[in-house]
Every structure is written in C-alpha cells, then in structure tokens.
Amino acid sequence: MNFHILTLFPEMIEQGLGTSITGRAIKNGLIDVNAVNIRDYTKERHGKVDDYPYGGGAGMVMQAEPVYLSYKAVEEQILAEGRKKPRVIYTTPQGKVFNQRMAEEFAKEEDLVFLCGHYEGIDERALELVVTDNVSIGDYVLTGGELPAMVMIDSISRLVDGVLHNDDSAKYESFANNLLEYPQYTRPEEYMGLSVPKVLLSGDHKKVDQWRYEESLKRTKERRPDLLLGSDPIETSNFS
Ligand code: 6GU
C-alpha cells in the first residue's frame with residue numbers, strides 16, 4: 001500500500017508515521033509513505049506557494065499551480081509503474097466524516113494520495129482538477145491537514161495484511177459490527193480491591209464469548225447509542 005502525501009510539512013508526516021507500528025510497517029515494506037513537498041513545485045521566487053484571496057478577506061490561500069504540479073508528479077510516477085490513477089483525498093472540515101467503513105474501503109486501494117491544506121485553504125481550481133474525495137476527521141477546526149492525513153493513514157495501515165502481528169486483532173474491536181470493544185483485564189487478579197470478572201478465569205470459551213458480547217452491547221448502549229440506531233451502519237444488524 002503506497003501513501004503519497006502532498007504537504008508543506010513533509011517532516012511532520014515522516015516523523016509522525018515513522019514511529020511505532022506504522023514505522024515498523026514502513027521498515028518491513030508493508031506500507032510506503034511518500035511525503036511530497038508542495039513547495040518544490042512552485043516556479044515563483046523564494047519558494048512562494050500562497051497569495052492573498054481574490055475578493056479580500058483574512059489569511060492567505062495556497063496557489064493552484066504548485067498543488068497541481070506536485071499531484072501530477074505523483075500521478076506520473078504511479079502510471080509509469082503500471083498502476084491506475086489514484087484516489088485523491090483532500091483533508092477538509094467540509095468533507096464527509098471519516099469512519100471505520102471508509103478506512104476499510106480505502107484499504108483496498110494500492111495507492112492513495114492525501115492533499116493537506118494550510119492557511120485559509122487551497123485555490124478551488126486545484127481542488128477541482130485533482131480531488132476525488134473530500135474527507136474530514138470530525139466537526140472541529142485544525143490548523144492544517146497533516147494530522148488528519150496521519151490519522152487516516154494510521155487507521156488504514158492497520159487493516160493492511162501483516163501490519164498487526166495478531167491477525168485477529170483487526171476484527172474483534174471497536175466498530176466491528178458497530179459495537180464498542182468489551183473491557184480487557186490482565187494480571188493481577190485483584191488490584192486496589194477490584195477483581196477480574198470470574199467468567200474470564202473460568203476457561204469456558206463459550207461463556208467468555210457470550211460475556212464479551214453482552215459487555216460490548218451494554219457499553220455501546222451507554223456510551224454510543226447512535227451506533228446501534230445505525231445512522232451510519234457498518235453492517236446492518238438488529239439489536240433488541
Ligand atoms: Cl480532515 N482537515 C482540516 N484541515 N481540518 C479539519 C479536518 C481535516 N477535520 C476536521 N478539521
């Protein structure tokens with residue numbers, strides 16, 4: 001899986017994803033992170049990539065050309081290597097809110113391009129020319145698209161075969177079947193007067209599975225009833 005990130009801050013992406021599980025996945029060749037500096041594609045002096053907005057208003061707007069040319073360079077490389085034109089995700093609070101189902105859909109792609117904006121945004125013409133998907137990570141404002149791109153790349157990467165050591169751990173967790181994960185315990189059996197639920201010590205796998213399912217359901221009803229109502233169901237199911 002190849003991630004290409006168009007950004008003014010490539011070191012932020014490299015540092016952020018170069019650590020921990022994604023860092024190991026890069027070293028093992030399971031994912032590739034190609035952070036492309038948009039500034040390398042300006043033809044203006046002093047690496048200028050932004051300008052005042054037409055019509056006035058606060059802040060600066062990223063110019064169309066360096067964004068367009070940096071995308072074209074990535075597209076050219078992908079096509080030259082014999083792969084198809086990639087989806088291009090623009091990280092923006094004006095996009096569809098990212099969820100596990102979208103992570104699963106994006107994980108099927110061989111290449112994904114993330115376009116990270118800064119300042120007051122990007123010239124609309126560049127977006128019109130290159131973007132296929134507008135995606136947000138939630139209803140709040142951030143200073144740039146790098147953190148959202150890293151959030152999405154992290155959640156997509158852990159769905160790539162081999163990235164997680166335990167193959168099962170990507171299945172039985174929060175949001176699989178629209179349920180939150182059940183509580184987990186490890187040694188010791190008692191801590192500060194609090195005991196591990198007896199069923200988990202019983203060795204009866206059927207009873208353990210049943211208990212975990214009930215805890216998942218209880219937790220989802222308490223904390224995220226919206227998931228059960230299925231406003232955005234990952235898998236349509238009926239709970240009674
Ligand atoms: Cl995806 N991008 C930016 N720039 N800001 C955001 C966001 C994304 N999601 C919430 N705020």
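How far is a nitrogen atom of the ligand from a polar backbone atom of tyrosine 140? The distance is 2.8 Å. A polar contact here is a pair of N or O atoms within 3.5 Å.

First, the ground rules. This is a predicted model, where local features need pLDDT of at least 70, side-chain atom pairs count only at pLDDT 80 or more, and totals for chains, interfaces and linings use all residues. Residues are numbered from 1 along each chain as its sequence is written, and side-chain values use heavy atoms, with hydrogens and water left out.

Now the shell, meaning residues with a heavy atom within 4 Å. Gly138, Leu142 and Pro148 are among them. By class, the shell has six nonpolar, six polar and no charged residues; Gly counts as polar, Tyr and Pro as nonpolar. Strand S5 (87-97) gives the most, with three residues. Strands are DSSP runs of E, at least two residues, numbered from the N terminus.

Last item: aromatics. The whole structure has one aromatic pair. Phenylalanine 3 and phenylalanine 114 are tilted, 6.4 Å centre to centre and 40° between the planes. Pairing needs centres within 6.5 Å; planes under 30 degrees apart are stacked, over 60 edge-to-face, the rest tilted. Phenylalanine 3 is in S1 and phenylalanine 114 in S6, so the pair ties together parts 111 residues apart in sequence.

Notes: Polar contact = N/O pair within 3.5 Å; in protein donor to acceptor, adjacent residues only side chain to side chain. Helix = DSSP H or I, 4+ residues; strand = E, 2+ residues; numbered from the N terminus. Phe/Tyr/Trp six-rings, centres within 6.5 Å; stacked < 30°, edge-to-face > 60°.
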